[in-house]
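Hello,

Here is the structure we talked about. Have a look, then read my notes below.

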Amino acid sequence: MSTLFLVLLITHVILGIIGLMASFITSFMLIKMKATKTKLLSYSFLAFFSYLVSWFAGGWYYWKYYGSVVKPIIVKGEYVWAHQVFMETKEHVFLFLPFATLTLAIIILFKYTELKNNSSFKNYVLILSLVITLIALFITISGILVSGGAQ
Amino acid sequence: MDIGLLLVLVHLVGTIFGVGGATMIEVHLNQALKDSLVSKDESAILALDYKIVRVGLILAILSGFGFLLNFKLEGEVENLYSPVLWAKLLIVIIIAINTLLLQARKISLYWGASFSFVSWWTAAILGMLTLEDVTVGALVGEGFLPIFSSIIIIYLVAVAIGSVVLHLMRTKVTKKII
């Protein structure tokens, strides 16, 4: 693996995890809504930028390396489902993450007061944040399964 | 410094913070609840304990994924299908869900404290046993499912026992000692 792909893979994984943790912290803070607007915005935008960079790094790696080197190994091995089920799902579901996270960050930016005062509105936003966290968790788990499938 | 050694060190520090913090939460919570009233000072100490656990969790997760990345880059991808690794991952996910439920007050202190305390100790013990290459494979048979399900069953039994023991400590022992 060349240095470029190595850097892309490391960036994809580490920023993906940072994004997942930032989404989790955003959900955690939305539950009680005691955090300041700055704090909530910091974590939601951290999640957005992490997913975005992870998205491009992973996308480039997938396009230029995974398809020609890793995928054939998985498909020939005994863990074909790692690609056929998890990578196929991951590469489609992953597309939603940056957009959903940006939506959440924009809601926090413009509707912070409403989030504090209207509990039913806050609950809908919390559900969005939890869904983002769940998708990120699913993608993380899929990533481990796909990587392990190349035996 | 070797990247593997650095990851082990960070993972150890994270685990020490997590297990230590979770233990101190129980100790301080017992002390705080003995008069059924959590004072401002006690609340501040508990907030510090929670912070330590969170720092531990972040360090343990980041270094944990560092390990996974290292397995991939070193070509040891078969380690990514280790049942012990997946049991630890599941326990970390349970710790995270439990944190959200406790924050939303959707889980009682009886179960929440037990899940937190026992999960941290189980993850740490699993990590130590993996270092010494000790698994339940010799007892339940090799293969992913028998080992994974045995660890999870043992963990759930430990959570149930832990909830009773922690409750007894909170209601009986602490009031006599402290």
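First, a term: helices (H or I, at least four residues) and strands (E, at least two) are DSSP runs, numbered from the N terminus.

Two points on the source. This is a predicted model, so local features need pLDDT of at least 70 and side-chain atom pairs count only at pLDDT 80 or more, while totals for chains, interfaces and linings use all residues. Residues are numbered from 1 along each chain as its sequence is written, and chains are lettered from A and ligands numbered from 1 in the order in which they are written.

Now chain B. Chain B has six helices and zero strands. Its pattern along the sequence is α-α-α-α-α-α. The C-alpha trace of chain B spans about 55 × 40 × 30 Å along its principal axes.

Next, burial. A residue is buried if 20 or more other C-beta atoms lie within 10 Å of its own, exposed if 12 or fewer, and partly exposed in between; C-beta atoms are placed from the backbone. Chain B has 178 residues, and 28% of them are buried.

Then contacts. Two residues are in contact if their C-beta atoms, placed from the backbone, lie within 7 Å. Take the contacts in chain B between residues at least 6 apart in sequence: 76% join residues at least 24 apart.

Finally, two loop residues. B:Arg105 sits in the loop between helix 3 (83-103) and helix 4 (109-131) of chain B. B:Arg105 is not a glycine, yet its phi is positive, about 55°. B:Arg105 counts as exposed because it has 11 C-beta neighbours inside 10 Å.

A:Met33 lies in the loop between helix 1 (3-32) and helix 2 (37-76) of chain A. A:Met33 is not a glycine either, and has a positive phi of about 55°. With 15 other C-beta atoms within 10 Å, A:Met33 is partly exposed.

Best wishes
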